Amino acid sequence: MSAPREISFPKRTPGLDPPAQGNRGSRILAPLRAEGARGVAIAIVSTVVVFAVVTIAVVSSSGWPLIRQSFFDGAVFAEAFPKIVDKFWRNVFIFTVAEVLVLIVALLIAVIRSLPGPVFFPLRLLAAAYTDLFRAVPTILVIALLGFGAPALAIRGVPSSDVFWAIVALTFVYSAYVAEVYRAGIASIHPSQVASARALGLSRQQGLRSVVLPQAIRRVIPPLLNDFIGLQKDSALVVFLGYQEALRTAQIIQSENFDFTPYVALALVYVVITIPQARFVDWLIARDQRKRQAEATL
Amino acid sequence: MRKSLLVLALLAVTSTACADTTTPIGSDPTTTTGAPVSAEDCATTNAGALESGGVLTVGTGNPAFPPWWEGGQVEGSEFEFNEPSLGEGYEGAVVAEVADRLGFAFPDAVTFVPVGFNKAFAPGDKPFDFVLQQISYKPQRDEAVDFSESYYDVNQAIVSAEGTSIAGATTVAELRDAKLGAPIGTTSLDVIEDVIQPTQEPEVYDDLALAVQDLKNGSIEGVVVDLPTAFFMAAVQIPKGVVVGQFEASSDEYFAMAFETGSPLVACVDLALQEMKGDGTLDAIAREWLADKTNAPVLG
């Protein structure tokens, strides 16, 4: 089957947008290339001035020595950082397992919500109720209610493990968000594509599986990754259950020393793992755009 | 305390010389041995250092937990469980006595403000003269705040519920295989890790209520807390709760009031505490509020 052409989105007029290869790196830098050497020089000077002014303002403030002692204490950092990184693998486990489950559960919900016809009304209603409920309740409450509530039922075979219930809670909450992302992707596929698939003799399911979903999912990869980053950060909410993951480790060292440096160390860990992901999405988008442009010129 | 001695010496200088109170304490390191000062004189001299003029502003946790605070809730007050200005419970009675000795009539000249644990040591201007909420002195913590002398020497204990595998334990070794918990910000976690050295990783909770819930659920089998709190939990919070036992006293752990770094009031409160230890008032307060809450078998 030949790759489907863009129908719903008209091609961008060349010249109005920065060239596609400009997206290879960061969108922040793209406008600079158009400006040339003078533009780059101005950008460098203004950046240096802005950062210098901000740094001087912060460092010369009367509270700076206190802040430095409480938030940027080298000795505490050296103690905290390796311990936090060590426990961060527990967060990695939680959000990786949750993400896999989220991608599956959310897709099911999105497909159910997109089912046409009056017969499926109860299913659509349930799916809608699910997404409404779990987007309405704050994540920490879902974790607390499941983490402390579910084991209290004392049902045989139901684990009381914090990690188990944290993964379940995060899956519930994030699959509600991600289902909406998928649904938007599915809705963005022009109905004529479904009609064409049917005309080619594909069944409704076949059309969904091989025509609609592949395009829909590719289109929503950036928002999917955005939600994944959110999920990574919310894995820290498991502390509420008493589990010793990265944030709890930071809190323990903080309360030991009455010093907030461990929080800065943990923030650094999150920054280091999230920023490459954001750049990766930029790269994916750029690649996808180049591909589609190449196809369009065939 | 070394710092407080220095401040104390400086105070003696300033108060005998009747120097104006705007002279920043500690700016001039000249020391002379002055006559001993009373807590009240000290507070008068340093009235300018008060958070709010003419009153002593005291921070504590909210809810105000027994047996440290007693007397119940008062309508219209933001404090839960117990009203600090009643001056009841161990910490309540200590504050009332310290305030009186500093020359602040209790409760009229004392204001209580709720302080979250982290707020107690966050950098910057603190909204209280001192905070007391079962904060243990630790040398590492001394950099962020200044501590008073001990107002309570702490022993840690383990509390559980009837029917758990550790309810009848008499030795530390018997606790080793149990899943245990402790509230964060306390030294109880240190006891679990250093003394018990459990085979399962302990849970660490934001507050006691969460630990109690996990104990009820059977997710954990015991909670390590300070001894008086253990008695409160066993009697009130945990159904069929038992204080399994207390740990061998670690002589260096004590609760202290925490002050903004460099506060001259540390010396005044220390003087008041020394007076109270000298004349037996502190012991009397302990007998009144903690008498039935310190008698647990020591775990071998």
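Helices (H or I, at least four residues) and strands (E, at least two) are DSSP runs, numbered from the N terminus. I looked up B:Thr187 with that in hand, and it is found in the loop between strand E6 (180-183) and helix H4 (188-196) of chain B.

I noted the ground rules next. This is a predicted model: local features need pLDDT of at least 70, side-chain atom pairs count only at pLDDT 80 or more, and totals for chains, interfaces and linings use all residues. Residues are numbered from 1 along each chain as its sequence is written, while chains are lettered from A and ligands numbered from 1 in the order in which they are written.

**B:Thr187**

Is B:Thr187 buried or exposed? I count a residue as buried if 20 or more other C-beta atoms lie within 10 Å of its own, exposed if 12 or fewer, and partly exposed in between, with C-beta atoms placed from the backbone. B:Thr187 is buried, because 20 other C-beta atoms lie within 10 Å. I then looked for contacts, meaning C-beta atoms, placed from the backbone, within 7 Å. Not counting residues up to four places away in sequence, B:Thr187 touches B:Ser136, B:Gln156 and B:Glu253. I also checked B:Asp226, 39 residues apart from B:Thr187 along the chain; their C-alpha atoms are separated by 8.7 Å.

**Chain B overall**

I find eight helices and 10 strands in chain B. Chain B has 300 residues, and 53% of them count as buried. Of its contacts between residues at least 6 apart in sequence, 68% join residues at least 24 apart.

**Helix H3 of chain A**

I took axes as lines fitted to C-alpha atoms, for helices over the stretch in contact, with angles from 0 to 180 degrees between N-to-C directions. Angles under 35 degrees count as roughly parallel, over 145 as roughly antiparallel, 65 to 115 as roughly perpendicular and the rest as oblique.

Helix H3 (residues 74-113) of chain A packs against helix H4 (residues 121-136) of chain A at about 130 degrees, with axes 8 Å apart. H3(A) is therefore oblique to H4(A). From H3(A), A:Ile109, A:Ile112 and A:Arg113 meet residues of H4(A) including A:Leu123, A:Ala127 and A:Tyr130.

H3(A) also packs against helix H6 (residues 162-187) of chain A, at about 40 degrees and with axes 6 Å apart. H3(A) is oblique to H6(A) as well. Among the contact residues are A:Leu101 and A:Val105 of H3(A), and A:Leu170 and A:Tyr174 of H6(A).

**Where A meets B**

I see 21 residues of chain A in contact with 24 residues of chain B. On the chain A side, helix H2 (64-71) and helix H10 (246-257) each supply at least two residues. Which helix gives the most to that side? H10(A) does, with six residues.

**Cores**

I defined a nonpolar core as a set of buried Ala, Val, Leu, Ile, Met, Phe, Trp, Tyr and Cys residues joined through C-beta atoms within 7 Å. The largest nonpolar core has 93 residues, of which A:Val238, B:Val159 and B:Met233 touch the most other members. H6(A) gives the most to this core, with 15 residues. Apart from this core lies another, of 56 residues, among them B:Ala39, B:Val110, B:Tyr137 and B:Tyr152. I followed up B:Met233: leaving aside neighbours within four places in sequence, its contacts include B:Val159, B:Leu208, B:Val225 and B:Gly241.

How values were computed. Contact = placed C-beta atoms within 7 Å.
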